[in-house]
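Me: I have a model open and want to go through it piece by piece. Can you start with the terms and then take my questions as they come?

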Amino acid sequence: MPMHAINMTGQKFGLLTVVERFGASPRPKWVCRCRCGQLTIKDGSRLRRGTVKSCGCATRAFISAARLTHGMTGHRLENIRRGMLARCHNPNSKDFPRYGARGIHVCRQWRDTPVEFYDWAWTHGYADALSIDRIDPRDGYSPGNCRWIPLSENVARANRARRQRAA
Ligand SMILES: [Zn+2]
């Protein structure tokens, strides 16, 4: 079977899912969606050999926690992680009274090892349009108590909780 006849659409390679063929070069390239939400173009042969497994985010992620944190600076997930840490562990944060002061904490593994948080996010449906939600609002941020939900839903939940507290 000639190379160009291989259809890789829908196949998964690590964090990447093949979306469609890119261009018509003799060495097939494919548009892939990474679990972090990023679109990326990869060589079919490199995908099949297992040389590439993410848009680059996972490669950065697994080098070392320190370099990862650096590599993730400015990434939405890192901003989300910093936001959680500030709300729960920084008394100077404006949201601290509603979180840290009420005993809402970020679990040790997410606090100490950022990669644990990214890894959880990527394997639990993280996407750019979603925000992190605590399933039990009285409990802290941990793999067992968090999920990704649309931002609008999260805001609605927060408003309901505020009304309940006020009542
Ligand atoms: Zn990625």
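Reply: Two residues are in contact, or touch, if their C-beta atoms, placed from the backbone, lie within 7 Å. This is a predicted model: local features need pLDDT of at least 70, side-chain atom pairs count only at pLDDT 80 or more, and totals for chains, interfaces and linings use all residues. Residues are numbered from 1 along each chain as its sequence is written.

Me: OK. What does C88 touch, leaving out residues up to four places away in sequence?

Reply: C88 touches Y99, G100, I104, H105, V106, G140 and Y141.

Me: And which residues of helix 4 are buried?

Reply: L77, R81, M84, R87 and C88 are buried in helix 4. Buried means that 20 or more other C-beta atoms lie within 10 Å of the residue's own; with 12 or fewer a residue is exposed, and in between it is partly exposed, with C-beta atoms placed from the backbone. Seen down the axis of helix 4, the buried residues fall within an arc of 130°, so they line one face of the helix. The arc is that of the directions from the helix axis to the C-beta atoms.

Me: Why would spaced-out residues point the same way?

Reply: An α-helix has 3.6 residues a turn, so residues three or four places apart point the same way.

Me: What do the buried residues of helix 4 pack against?

Reply: They pack against helix 5 (108-112) and helix 6 (114-123). Helices here are DSSP runs of H or I with at least four residues, strands are runs of E with at least two, and both are numbered from the N terminus.

Me: How far apart are the ends of helix 4?

Reply: The end C-alpha atoms of helix 4 (residues 76-89) are 20 Å apart, which agrees with the 20 Å that its 14 residues should span at 1.5 Å a residue. The expected span is 1.5 Å times one less than the number of residues.

Me: Now helix 6. Which residues are buried there?

Reply: In helix 6 they are P114, V115, F117, Y118 and A121. Down the axis of helix 6 these fall within an arc of 155°, so they line one face of the helix. Just after helix 6 comes G125, with a positive phi of about 80°.

Me: Which residues have the most contacts inside the largest nonpolar core?

Reply: L16, C34, C88 and Y141 do, in a core of 26 residues. Strand 2 (16-22), strand 3 (29-34), helix 4 and helix 6 are the elements that give two or more residues to this core. Helix 6 gives the most, with four residues. At least three residues come from each of domain 1 (3-55) and domain 2 (76-166). As for terms, a nonpolar core is a set of buried Ala, Val, Leu, Ile, Met, Phe, Trp, Tyr and Cys residues joined through C-beta atoms within 7 Å, and domain bounds come from an automatic or database domain assignment.

Me: Back to H105. Where is it, and is H105 buried or partly exposed?

Reply: H105 is in the loop between helix 4 and helix 5. It counts as partly exposed because it has 19 C-beta neighbours inside 10 Å. Leaving aside neighbours within four places in sequence, H105 is in contact with C88 and G140. H105 and M84 are 21 residues apart in sequence, and their C-alpha atoms are 8.4 Å apart in space.

Me: Different topic. What is the order of the strands in the open sheet of four strands?

Reply: The order is 1-2-3-4, with antiparallel pairing. Strand 1 (12-13) and strand 4 (39-43) are the edge strands, each pairing on one side only. Two strands pair if DSSP finds at least two bridges between them.

Me: How many bridges join strand 2 to strand 3?

Reply: Six, and the two strands run antiparallel. E20 stands opposite V31 in strand 3, and V31 stands opposite I41 in strand 4. Strand 3 and strand 4 pair over five bridges, and strand 1 and strand 2 over two.

Me: What about the hairpin of strand 2 and strand 3, how many residues lie between them?

Reply: Six residues lie between them, and G23 in the turn has a positive phi of about 60°. The hairpin of strand 1 and strand 2 has two residues between the strands, with G14 at a positive phi near 60°.

Me: Last one. How many residues of helix 7 are buried?

Reply: Zero among its 16 residues, so to speak hardly covered.
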